[in-house]
Amino acid sequence: MKKEEALSLYRKLVLIRQAEEKIRQEYLKDEMKTPVHLGIGAEGISVGVCHCLPAGSRTFGTYRNHALYLTVTGDVDGFFAELYGKLLGPGKGKAGSMHLSAPECGLMATSAVVGTTIPVAVGAALAEAYKGTSGTVVVFFGDGAMEEGVFWESLNFACLKHLRVLFVCEDNGLAIHAHAGGRRGFRSILEAVAAFDCYHAGGDGSDVPAVIRCTRRVLHRMSEQPKPAFLHFSYLRFLEHVGPKEDFDVGYRRRPSREESARLDPVLRFEKELLRIGCTLDDLEAVRTAVKEQVRHGVEAAQNAPFASPMELYTDVLA
Amino acid sequence: MKSLISFREALNLALVKEMESDPSVFVFGLDVDDHKSIFGSTDGLVEKFGGERCFGTPLSEDAMTGVALGAAMSGLRPIHVHIRADFILLAMNQIGNMMSNLRYMSGGKLTIPLVVRAVIGRGWGQSAQHSKSLHGVFAHFPGLKVVLPTTPQDGYSLLRSSIRDNNPVIFLEHRWLYDIVGDVDDERVVPLGQAAVLHEGDAMTLVCSSWMNVEALKAAKVLARRGLAVEVVDVRTVSPLDEQTIVGSVKKTRNCIVADYDWIFCGFGAELAALISQRCFGCLERPVERLGFAPVPCPTTRPLENLFYPSALTIIRAVERLFGLEEADLNGEPFYSYEQRFKGPF
C-alpha cells in the first residue's frame with residue numbers, strides 16, 4: 001500500500017474513532033437524545049470494505065452505523081447535527097443515530113431492527129440486474145442477523161438470481177449480551193453459508209489491510225462472474241451494546257489483556273502498518289490534529305444549530 | 001375505449017397498460033407466473049413482457065417485501081403480489097418498520113413507489129388463515145396508502161393510479177370480485193383518496209368497503225321496495241380517506257351505518273364511526289351503527305361462516321331495527337352465495 005493511500009485510510013479510521021470518543025465525552029450531558037451504538041473496534045470493516053468499492057456503489061447498514069456513515073460521507077457536521085437532533089442533519093433530526101442515511105452518497109438506509117436492511121439491499125441489487133447496470137451493493141450486518149429468517153431468505157434469493165450483492169457480516173460474537181454459543185445451532189458461519197451458490201471469505205476485521213485484500217478478492221470474482229459474496233469479519237466490541245461506557249466489569253465477558261486490546265484495535269494496528277511502510281510519527285500526528293479540529297467544529301456547530309420547526313413534524317411522510 | 005369486462009380482466013389490463021408505458025414496472029410474487037396467474041389477473045404478462053418483468057419467487061414473504069422496497073428505492077416500480085393477504089403478516093416488519101418509515105427517516109430523500117397487491121376475503125371455506133382483510137392494520141401506519149377497489153372500473157383505474165403513485169400502496173382485492181363484470185373506460189383516471197357514491201338515497205348512508213358495497217347495493221334494492229332510499233358510499237381508498245364525501249352524505253341522510261369488511265373492534269369501521277360522530281354530531285338522528293365480522297376467527301363450516309360475515313341481509317335488518325320497522329319477509333329473496341355467483345354487470 002502506498003503512503004498516500006494508507007494515510008487517507010488512517011484519516012477515516014481516526015475520524016470515526018475521534019467522533020465516537022467525542023460522543024463518549026459529551027453523551028452524559030444528555031444533549032444528544034438518541035441511543036448510540038458505538039462501533040469502537042469495528043471501524044476497520046467499514047473503512048476497509050468501502051475503500052474497495054467502485055464509485056457509484058450503494059451501501060446498507062445497521063444501527064451501529066457511525067463508521068459506515070462517516071466512511072461513506074466524510075460529513076462530520078451533518079453527523080453531529082443528526083445526533084443532536086438538528087435540522088441540518090441528514091434526516092433533519094428525524095433519523096437520529098440508529099437510522100443514519102445519505103442516499104446521495106450511496107448510503108441508502110440503516111435500521112434499528114436486526115436484519116431488516118438485508119433484503120432491501122438484495123432488492124437494490126435486483127434493480128441493478130433489471131436495469132442492466134453493474135453497480136455493487138453492499139450490506140453490513142451483525143452476526144445476530146444470521147439468526148433471523150430474513151437473512152437466509154435474502155441469501156437464497158440473491159444466490160438464485162446471481163445478484164451482485166456483497167453480504168458483510170461484522171461478527172463481534174455478541175447479540176447485545178448473548179454469546180454466540182447460546183445462539184448458534186451451526187458449527188461455523190462460513191460453513192453454513194458455503195452451502196449456497198455464492199463466493200465467501202473471511203478474516204480478522206481488526207486488520208484493515210486484510211479486510212481490503214479479502215474484499216478485493218471477492219469483488220474481482222463477482223465482476224468475472226456475477227454472484228453474491230459473503231464476507232465474514234470478526235472484531236471486538238470494546239464498549240457496551242448501547243451507550244458510551246465499557247462493560248467488561250459487569251460479568252458476561254472478560255476484559256481483554258493489553259496485548260489483545262492492541263491487536264484488536266484497528267486504529268492502533270493500522271498505525272503499526274503505517275510506520276512499517278515509511279510514514280512518520282509526525283505524519284500520524286498531523287492527521288490526528290486535523291481530525292480533532294474537524295470533530296470539535298462539528299460538535300460545536302451542531303450544538304449551536306437550530307432544531308427543525310414544528311411544521312417539520314408533518315413533512316416527508318409521503319411523496 | 002369502453003368495454004364490458006370482468007374485474008380480473010380490468011386488473012390485467014391495468015398491468016399491461018402500465019408495463020407497456022413504463023419499463024420500470026414489474027410484477028413478482030409467488031404464483032404470478034403459473035397457469036392460474038393469481039385468478040387470471042397476471043395472465044399473459046410473461047409472454048408479453050418476459051420473465052424479467054413477471055416472475056415467481058421463493059416462499060419468502062419477508063425478504064421479497066424487502067426486495068420490493070430495495071427495487072423501489074432504486075428507481076423501479078415493483079408490484080409484489082400475494083395470493084392471500086394473510087401471508088403479508090409474514091412481511092409486516094418490512095411494511096411497518098421499513099417501507100412506511102424510510103422516506104421520513106431520510107428527511108424526504110427516499111422515494112418508494114411500490115404496490116403490494118393481495119387477495120382478501122371469503123371463498124369456499126377459506127377459514128381463519130386465508131380470509132383476512134387487514135386494511136385497518138396497514139392504514140394504521142403513516143407512510144402507507146391503502147386501496148380497496150370494488151367495481152371493475154375502480155380495479156382498473158385505481159391500480160393504474162397506485163402503480164403511478166410515488167408511495168407504497170397496499171392494494172387489496174376481494175376474491176369474489178374477480179368474476180364481476182362492468183363497463184371499463186380505459187381512459188378514465190381515478191385518483192387515490194376519492195370515495196364514490198354508488199347508489200343515491202336520502203334516508204340512510206351506508207359507508208362500505210370492498211365486498212360490502214356489493215352487499216349494500218343488494219340491500220338498497222330490497223329496501224327501495226318499501227320506500228327506503230339508502231345511499232351507498234364506497235370508500236375506495238382507506239388511506240388517504242375522502243372524509244368530505246362521507247361526511248357530506250351523512251349530513252344529507254342524517255343516519256349512518258358503517259359496513260366494513262373486517263372485524264369491528266379497533267378496525268377501520270371504528271375510525272369511520274368516530275369521524276362521522278365528530279363531524280356530523282349535530283345532524284345525526286341516532287348513533288352510527290357498525291357492521292363487520294363476528295369477533296372470532298373465521299370458521300370453515302358454512303353455517304358458521306354465514307354467521308361470521310355481514311351480508312345484505314345483515315344490513316337490511318340493521319336498517320329496519322334503526323328505523324323501528326318490522327322485519328320484511330325475505331324468504332325467497334335471492335342473496336349472493338358462493339354457489340349463486342353474482343357476475344354483474346356491476
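Reply: Let's settle one term before we start: a residue counts as buried if 20 or more other C-beta atoms lie within 10 Å of its own, as exposed if 12 or fewer do, and as partly exposed in between. Also keep in mind that this is a predicted model.

Start with B:Leu134, in the loop that runs between strand S5 (114-120) and helix H6 (135-139) of chain B. B:Leu134 has 20 other C-beta atoms within 10 Å, so it is buried. Its backbone deserves a look too: phi of B:Leu134 is near 70°, a positive value in a residue other than glycine. For background, most residues other than glycine have a negative phi, and most peptide bonds are trans.

B:Phe39 also has a positive phi, near 55°, and it isn't a glycine either. You'll find B:Phe39 in the loop between strand S2 (25-28) and helix H2 (45-49) of chain B.

The peptide bond to check is the one joining B:Ser239 and B:Pro240, which is cis, with omega at about 0°. B:Pro240 belongs to the loop between strand S12 (237-239) and helix H9 (243-253) of chain B.

Chain B has twelve helices and 14 strands. Its C-alpha atoms fill a box of roughly 60 × 45 × 40 Å along the principal axes. The radius of gyration is 20 Å, which agrees with the value near 20 Å that a compact globule of 346 residues would have. Of those 346 residues, 54% are buried. If you take the contacts in chain B with a separation of 6 or more, 79% are between residues 24 or more positions apart.

A:Glu104 sits in the loop between helix H4 (76-83) and strand S2 of chain A, and it is exposed because 10 other C-beta atoms lie within 10 Å. From A:Glu104 to A:Thr73 is 31 residues in sequence but 9.1 Å in space, C-alpha to C-alpha.

Next, a helix pair in chain A. H2 (residues 43-51) packs with H8 (residues 208-224) at an angle of about 40°, their axes 8 Å apart. That angle makes H2(A) oblique to H8(A), and the crossing is right-handed. On the H2(A) side the residues that meet the partner are A:Gly44, A:Ile45, A:Val47, A:Gly48, A:Val49 and A:His51, and on the H8(A) side they are A:Val208, A:Val211, A:Ile212 and A:Thr215. By class, six residues of this contact are nonpolar, four are polar and none is charged.

Finally, how do the two chains meet? Chain A brings 35 residues into contact with 34 of chain B. On the chain A side, the elements giving two or more residues are strand S2 (107-111), helix H5 (117-131) and helix H6 (149-160). H5(A) has the largest share, with nine residues.

Technical notes
Residues numbered from 1 in each chain as written. Chains lettered and ligands numbered in written order. Predicted model: local features only at pLDDT ≥ 70, side-chain atom pairs only at ≥ 80, totals over all residues. Axes fitted to C-alpha atoms, helices over the stretch in contact; angles between N-to-C directions. Helix = DSSP H or I, 4+ residues; strand = E, 2+ residues; numbered from the N terminus. Parallel < 35°, antiparallel > 145°, perpendicular 65-115°, else oblique. Left-handed = near helix turned anticlockwise from the far one by under 90°. Contact = placed C-beta atoms within 7 Å. Nonpolar A, V, L, I, M, F, W, Y, C, P; charged D, E, K, R; others polar. Rg over C-alpha atoms; globule rule 2.2 N^0.38 Å.
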